[in-house]
Amino acid sequence: MKITSAKFVVSAAGPKQYPAGGLPEVALVGRSNVGKSSLLNSLVNRRKLALTSGTPGKTRLINFFLINEKFYLVDLPGYGFARVSHGLKKSWAKTVETYLRERETLRLAVLLLDVRHPPTADDLLMYRWLVHFSLPTVIVATKADKISRGAYQKHLDQIRRALKLGPEGPVILYSSQTGQGRDQLWQILKQYLPEPG
Ligand SMILES: Nc1nc2c(ncn2[C@@H]2O[C@H](COP(=O)(O)OP(=O)(O)OP(=O)(O)O)[C@@H](O)[C@H]2O)c(=O)[nH]1
Ligand SMILES: [Mg+2]
């Protein structure tokens, strides 16, 4: 995909602040610190468009980025971040759930998993929830640069088993640092976005 423009539009706490206009959206979903904001930046070749951080819980609102004036990439707050109060956790969960359940222009969820570790209980819950609500979902195993090539298969199998995907279940290996998997992921995103993209 040729990126001609990528701009931050709005941070939303709830539906009233979502952008109007009806353009299609692709949402990045995953545990805090898994690399959602980094993946967004790598997809559009902009290093600092979405703010990233080594400290989990960086993204706290729903951030909408307008790409090529044609669609939105939506950076969601991460789940599973331990060091916040129960009340705050619940409010983030509600923010994310409301968006995923009610947003009519949402075409595809990209569920990010850390390739190094088996999916957490929260990851499994989120995956089942996406399936339950029949949201088209693509699984991305990120931070691939952190493991050796020789270990790819073992780690992908671990993810496939946990998600019950079957041995050929589609999981995209991704690295926001090297750009690995970027073209492959765009090929899939394009199928959910308006022509010519
Ligand atoms: N080596 C490596 N580091 C990565 C990769 N993706 C993200 N990181 C690092 O992981 C940390 C978290 O990345 P973010 O993109 O901020 O994670 P996030 O999922 O947006 O986190 P929240 O906003 O807290 O939900 C940062 O220190 C990134 O530099 C990757 O593919 N490879
Ligand atoms: Mg983030």
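**Overall fold and sheet architecture**

The secondary structure of the protein amounts to five helices and seven strands. The model is a predicted one. From the N terminus on, the elements follow the order β-β-α-β-β-α-β-α-β-α-β-α. The radius of gyration is 16 Å, close to the 16 Å that the globule rule gives for 197 residues, so the protein is as compact as a globular protein of that length. Along the principal axes, the C-alpha atoms fill a box of roughly 45 × 45 × 30 Å. Of the 197 residues, 36% count as buried. Contacts in the protein between residues at least 6 apart in sequence were also examined by separation: 72% of them join residues at least 24 apart.

The seven strands form an open sheet. Their order across the sheet is β1-β3-β4-β2-β5-β6-β7, and the pairing is mixed. The edges are taken by β1 (6-12) and β7 (171-173), each of which pairs on one side only. On average, neighbouring strands of this sheet are turned by 25° against each other, direction ignored.

Within the sheet, strand β5 (residues 106-114) pairs with strand β6 (residues 137-142). The sense is parallel, and the pairing extends over six bridges. In this pair, L112 stands opposite V140 in β6. Helix α3 (residues 121-132) lies across both of these strands and also across β2 (25-30). The helix runs at about 160° to β5.

Note on methods
Residues numbered from 1 in each chain as written. Chains lettered and ligands numbered in written order. Predicted model: local features only at pLDDT ≥ 70, side-chain atom pairs only at ≥ 80, totals over all residues. Pairing = 2+ DSSP bridges. Helix = DSSP H or I, 4+ residues; strand = E, 2+ residues; numbered from the N terminus. Axes fitted to C-alpha atoms, helices over the stretch in contact; angles between N-to-C directions. Contact = placed C-beta atoms within 7 Å. Rg over C-alpha atoms; globule rule 2.2 N^0.38 Å. Buried ≥ 20, exposed ≤ 12 C-beta atoms within 10 Å, placed from the backbone.
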